[in-house]
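Please read the following report alongside the sequence and the model. It goes from the whole chain to the sheet and then to the helices.

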Amino acid sequence: MKQKVGIIYNASRKENLDVVETLEKVLHGKGVSTWRGRTGSEKNDWEFLSEPLDFAIVLGGDGTLLGTSRRLAPKGIPMFGINTGVMKQERT
């Protein structure tokens, strides 16, 4: 059976889209199908996920990672988070 991986990303950070496209190319090359969902924009379309996923990759900051985990955990979908949020640098 073909695996399906969800890629959920914070669309307010344009850099995330480049990473999503690269991930999709790699996964498709391995025979894995993908589903893409956005958050952090006017359309949080991933919240309406009706397709079963085997796994999810989540790109965003703390809020995106925590919010997504709250929705995926009850469905039993494991996730791998990549923190792409802006980190404040400490002043020395």
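What percentage of the 92 residues in the protein chain do buried residues make up? Buried residues make up 34% of them, where buried means under 20% relative accessible area and exposed means over 50%, with partly exposed in between (1.4 Å probe, protein chains only). The model is predicted: local features need pLDDT of at least 70, side-chain atom pairs count only at pLDDT 80 or more, and totals for chains, interfaces and linings use all residues. Residues are numbered from 1 along each chain as its sequence is written, and side-chain values use heavy atoms, with hydrogens and water left out.

The chain has 2 helices and 4 strands, in the order β-α-β-β-α-β from the N terminus. Helices (H or I, at least four residues) and strands (E, at least two) are DSSP runs, numbered from the N terminus. Of the contacts with a separation of 6 or more, 61% are between residues 24 or more positions apart; contact means heavy atoms within 4.5 Å.

**The sheet**

The 4 strands form an open sheet with parallel pairing, in the order β2-β1-β3-β4. Its edge strands, β2 and β4, each pair on one side only; two strands pair if DSSP finds at least two bridges between them. Strands β3 and β4 run parallel and are joined by 5 bridges. Valine 58 stands opposite glycine 81 in β4. Helix α1 packs on the sheet, touching β1, β2 and β3, and its direction makes about 170° with that of β1. Axes are lines fitted to C-alpha atoms, for helices over the stretch in contact, and angles run from 0 to 180 degrees between N-to-C directions.

**The helices**

| Helix | Residues | Buried residues |
|---|---|---|
| α1 | 14-29 | Asn16, Val20, Glu24 and Leu27 |
| α2 | 62-72 | Thr64, Leu65, Gly67, Thr68 and Leu72 |

Seen down the axis of α1, the buried residues fall within an arc of 80°, so they line one face of the helix. The arc is that of the directions from the helix axis to the C-beta atoms. These buried residues pack against β1 (4-10), β2 (33-39) and β3 (55-60). On the other side of α1, Lys14, Asp18, Lys25 and Gly29 are exposed. Glycine 31, with a positive phi near 80°, follows α1.

For α2, the cover over the buried residues includes β1, β2, β3 and β4.

How values were computed: Expected span 1.5 Å × (residues − 1).
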